[in-house]
Amino acid sequence: MLGLRTSTPFEKSLGYRFRSGELLELAVTHRSFANERGSAAHYERLEFLGDAVLGLVAGEWLYENLPDVPEGELSRLKSYLVSANALGRVARDLGLGDVLRLGIGEERSGGRAKASLLADSMEAVFGAVYLD
C-alpha cells in the first residue's frame, strides 16, 4: 500500500517522500486548525523534536566541514542556520506556506507568510522526517 501514495508537490520540493502521509499532515497542521476542529493533533510536539534534530544536524555539518573554525564561531554559525529568519526563508522557498493547515483567524492574519510560523512548521517537518 505504501507504493501507491504519490509524492505531493511539497514533498518533491523538499526532496523527501514520506512513508507516513499522516506524519506529513500533522507537521503542517497549526494549532488553530486543530482547535477549530476539536482536535488535539497539531505540529507543536513535532516542532520540539525537529528543533533538536536540526540543531544536531547543523552542528555535525559545521563540525565536519569547518575543521579549523573555533567553537565560538561554530556556535555563531549554527545560531544563524537554525534561526527563525533562515528557517522561514527555507520554508518559503519550499512552498511550505501553501500547504499549511491554518485556522480561519490565522489564515486571515496572513499566517502563511509569517516567518515565525513558517520556521515553526519547518522544524515540525524536520521532526516528521526524522520519525518517518
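Mentor: A salt bridge here is a side-chain nitrogen of Lys or Arg within 4 Å of a carboxyl oxygen of Asp or Glu. The model is predicted, so local features need pLDDT of at least 70 and side-chain atom pairs count only at pLDDT 80 or more, while totals for chains, interfaces and linings use all residues. Residues are numbered from 1 along each chain as its sequence is written, and side-chain values use heavy atoms, with hydrogens and water left out.

Trainee: Is Glu-106 buried or exposed?

Mentor: Buried means under 20% relative accessible area, exposed over 50%, and partly exposed in between (1.4 Å probe, protein chains only). Glu-106 has 16% and is therefore buried, whereas Lys-114, with 30%, is partly exposed.

Trainee: How many salt bridges does the structure hold?

Mentor: The structure holds six. One of them joins the side chains of Arg-31 and Glu-44 at 2.6 Å, N to O. This pair links distant parts of the chain, with Arg-31 in helix α3 (residues 31-36) and Glu-44 in helix α4, 13 residues apart. Helices (H or I, at least four residues) and strands (E, at least two) are DSSP runs, numbered from the N terminus. Arg-31 is partly exposed at 36%, and Glu-44 is partly exposed at 31%.

Trainee: What span does helix α4 reach from its first C-alpha to its last?

Mentor: The expected span of a helix is 1.5 Å times one less than its number of residues. Helix α4 (residues 44-65) has 22 residues and reaches 31 Å, close to the 32 Å expected.

Trainee: Which residues of α4 are buried, and what do they pack against?

Mentor: An α-helix has 3.6 residues a turn, so residues three or four places apart point the same way. In α4 the buried residues include Leu-46, Gly-50, Val-53, Leu-54, Ala-58 and Leu-62. The buried residues of α4 pack against α2 (21-27), α5 (71-81), α6 (84-94) and α9 (115-131).

Trainee: At what angle do the axes of α6 and α9 cross?

Mentor: Axes are lines fitted to C-alpha atoms, for helices over the stretch in contact, and angles run from 0 to 180 degrees between N-to-C directions. The axes of α6 and α9 come within 7 Å and cross at roughly 75 degrees. Contact means heavy atoms within 4.5 Å; among the residues making it are Leu-87 and Val-90 of α6 and Leu-118 and Phe-126 of α9.
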